[in-house]
Amino acid sequence: MPRQLGELEDAVMTRVWQWNRPVTVREVLEDLQQERSIAYTTVMTVMDNLHQKGWVRREVDGRAYRYTAVSTRAAYSAALMNEAWSQSDNPAAALVAFFGMMSAEQHDALRDAMRIVLPTLPEGAVPAVGEAVGEAAGEAAREDAEAADDAEPDAGR
């Protein structure tokens, strides 16, 4: 699974993703220099590192390389979320906590995504996130209680 991009790697990849075309080190450098002082060799090294890590592919164009993203920012974000979720010892509780942190706009986006992923569900079958969180919280609490009941009692009791 991918690790989170560093701050400069993210700044470079943001441009590659936004521009959605092959880019040169010089183009990225000039855009980054609008925000910070940075050397050509630094950007070149970061882009080479991103190539070595598999985030971009490159093709020779004269004396320079042109870099293209291997996947989308959405795919990168999804992989990070999946990695974080898979590290949880209680995935249902992690999802409940995650849903609880979401804004109204994020709730709407989740509902829209569920309609795309599960298109055969009848209208109204995808509950509002608040309803789903409440149901999931109850289920997670029941699972935690069952796990506690199944655990061996402490020797000190």
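**Close-up views of a predicted model**

**View 1. The largest pocket holds about 320 Å³ of space.** This is a predicted model, in which local features need pLDDT of at least 70 and side-chain atom pairs count only at pLDDT 80 or more, while totals for chains, interfaces and linings use all residues. Residues are numbered from 1 along each chain as its sequence is written, and side-chain values use heavy atoms, with hydrogens and water left out. A pocket here is an open set of points on a 1 Å grid over the protein atoms alone, where a 1.4 Å probe fits, with protein on both sides within 12 Å along at least five of seven lines; lining residues have an atom within 4 Å of a point. The volume is the space filled by probe spheres set on the points, which are joined across faces, edges and corners. Among the lining residues you will find Trp85, Phe98 and Phe99. Two or more residues come from each of α4 (73-86) and α5 (91-101), and α4 gives the largest share, five residues. By class, the lining has eight nonpolar, two polar and no charged residues.

**View 2. Helix α1 (residues 7-19) packs on helix α3 (residues 40-52) at about 85 degrees, with axes 10 Å apart.** That makes α1 roughly perpendicular to α3 (65 to 115 degrees). Leu8, Glu9, Val12 and Met13 of α1 meet Thr42, Val46, Met47 and Leu50 of α3, contact meaning heavy atoms within 4.5 Å.

**View 3. Strands β1 (residues 56-61) and β2 (residues 64-69) run antiparallel, joined by six bridges.** Strands pair if DSSP finds at least two bridges between them. Look for Arg57 opposite Thr68 and Val60 opposite Tyr65. The hairpin has two residues between the strands, and Gly62 takes a positive phi near 70 degrees.

Technical notes
Axes fitted to C-alpha atoms, helices over the stretch in contact; angles between N-to-C directions. Helix = DSSP H or I, 4+ residues; strand = E, 2+ residues; numbered from the N terminus. Parallel < 35°, antiparallel > 145°, perpendicular 65-115°, else oblique. Nonpolar A, V, L, I, M, F, W, Y, C, P; charged D, E, K, R; others polar.
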